[in-house]
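Trainee: I would like to go through this entry term by term. Please back each label with its cut-off.

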Amino acid sequence: MSILSIFRNIFFTLPLKEAEFAVRGFVVAGNARERLEQVAKTVVTGYNVSVTTGRGNDLLAQRAQVKDELVGFYNEGIGMGLYAIDIFTPGGHQFWDFVANEGKAHQYMSYIGAGLASGVFNKGFNAFVERADPTCGLLILNGIGFHHAYFKSRKTIDRQVIPDSVKADSFHRYCYDNGIGRALWFYRSGNPDSIAEVIGWFPVERRHGLWAGVGLAATYACGVDETTLLRLQDVADVYRYALAEGSVLASHTREVAGNPHADDLASRILVGQSAETCHVFAAKARQNLNNQRYINGEHSLKVFLDAIATWTRTRAVLLA
């Protein structure tokens, strides 16, 4: 191990116990806890390995040992680690080289991972978005929101503090809230009634973004059975389409990366469609963005998510 690797290992790595719900003060009851702690520890492991080794063969060899079903979370950790290195390296480009090459299929999760690093080291996101893929660079805000809710839950969830950097743009706030919603799936151990209670603390204008984040986590990480997913849909009530929006994005993310769930229970319940069908629609919707950052003055990611939301409502009508 090089001197630089030793330095990074000492000063940048995180203890795995930081992912444990008891340490974080999360709800520890419920069947989803073991699964969700496994997910969180996979992210931390990917971060620790990447921040120590940097981009290279050692990192890829470690990633190759991860189960396909968990490798997306590992890449989220890699995105976090490599972007952390770049933050402290003048002209750093390890993160960008990764997502352009061996991490290309995991772009979505890597961007979210970069958001985790941005949250940890209080790094702004504007320069990142300007350099990122025009259609999904704002996913960094999902990672920032997740980090704030996961590691600063009293400030972010109890006191509902919104960073000044995201206040001015309503869609920036929406993406940030997606990350908080995703964290709520962990914060309340996948318990639908408990999650609905927490979201009820937030003002109405923030709830759609939060529920979409819950749908993303409930589909991508899951960890619960059919009965729980049906209950989640029930308690979401008028926001069940927001759940469906997040669920479609999760299925699309997994399909693009080639690591779909062994079953697509969550998408079939929350969307009423198979994961593959969700992916096919989302892929076409993204293609329609023509790699533009803005479309008619709107963030292209917003146009993309709005298209998904409209489609999920149409599917629901057809199934009724």
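The talk below sets computed values against definitions.

Mentor: Ground rules come first. The model is predicted, so local features need pLDDT of at least 70, side-chain atom pairs count only at pLDDT 80 or more, and totals for chains, interfaces and linings use all residues. Residues are numbered from 1 along each chain as its sequence is written, and side-chain values use heavy atoms, with hydrogens and water left out.

Trainee: Why is S50 called buried?

Mentor: Buried means under 20% relative accessible area, exposed means over 50%, and partly exposed is in between (1.4 Å probe, protein chains only). S50 has 0% relative accessibility, so S50 counts as buried.

Trainee: Where does S50 sit?

Mentor: S50 is in helix α3, residues 33-53. Helices are DSSP runs of H or I with at least four residues, strands are runs of E with at least two, and both are numbered from the N terminus.

Trainee: Which backbone oxygen does the side chain of S50 reach?

Mentor: That of Y47, at 3.1 Å. A polar contact is a pair of N or O atoms within 3.5 Å; within protein, one must be able to donate a hydrogen and the other to accept it, and residues adjacent in sequence count only if both atoms are side-chain atoms.

Trainee: What does S50 touch, leaving out residues up to four places away in sequence?

Mentor: L59, G77, I78, G81, L82 and I85. Contact means heavy atoms within 4.5 Å.

Trainee: What makes the E37 and R33 pair a salt bridge?

Mentor: A salt bridge is a side-chain nitrogen of Lys or Arg within 4 Å of a carboxyl oxygen of Asp or Glu. The N to O distance between the side chains of E37 and R33 is 3.2 Å, and they meet in a salt bridge. The two are four residues apart in helix α3, so about one helical turn separates them. E37 is buried at 12% relative accessible area. R33 is partly exposed at 26%.

Trainee: How many salt bridges are there in the structure?

Mentor: The structure holds 16. Another one joins D306 and K302, at 2.8 Å, N to O. These two are four residues apart in helix α19 (residues 300-319), so they too are about one helical turn apart. D306 is partly exposed at 37%, and K302 is partly exposed at 23%.

Trainee: Which salt bridge links distant parts of the chain?

Mentor: R286 and D133 meet at 3.1 Å, N to O. R286 is in helix α18 (residues 275-287), D133 is in the loop between α8 (126-131) and α9 (140-151), and 153 residues separate them. D133 has a relative accessible area of 17%, so D133 counts as buried. There is also a network of salt bridges, which links R35, E69 and R254.

Trainee: How do you know that E245 has no salt bridge?

Mentor: Lys and Arg count as positive, Asp and Glu as negative; His and the chain ends are not counted. The nearest side chain of opposite charge to E245 is R313, 8.0 Å away. E245 is buried and has no salt bridge. E245 lies in helix α16, residues 240-257.

Trainee: A244 is in helix α16 too. Why is A244 called buried?

Mentor: The relative accessible area of A244 is 3%, so A244 is buried. Beyond four places in sequence, A244 touches L270, V271 and T312.

Trainee: What makes the span of α5 agree with expectation?

Mentor: The expected span is 1.5 Å times one less than the number of residues. Helix α5 (residues 71-87) has 17 residues and should span 24 Å; its end C-alpha atoms are 24 Å apart, so the two agree. In α5, 16 of its 17 residues are buried.

Trainee: Why is α7 called largely enclosed?

Mentor: Because 13 of its 14 residues are buried, α7 is largely enclosed by the rest of the structure. After α7 comes N122, with a positive phi near 55 degrees.

Trainee: What makes a set of residues a nonpolar core?

Mentor: The members are buried Ala, Val, Leu, Ile, Met, Phe, Trp, Tyr and Cys residues, joined through side-chain atoms within 4.5 Å. The largest core here has 102 residues, and those touching the most other members are F95, Y111, F128, W185, F186, W211 and F304. Helix α12 (residues 170-187) gives the largest share of this core, 10 residues.
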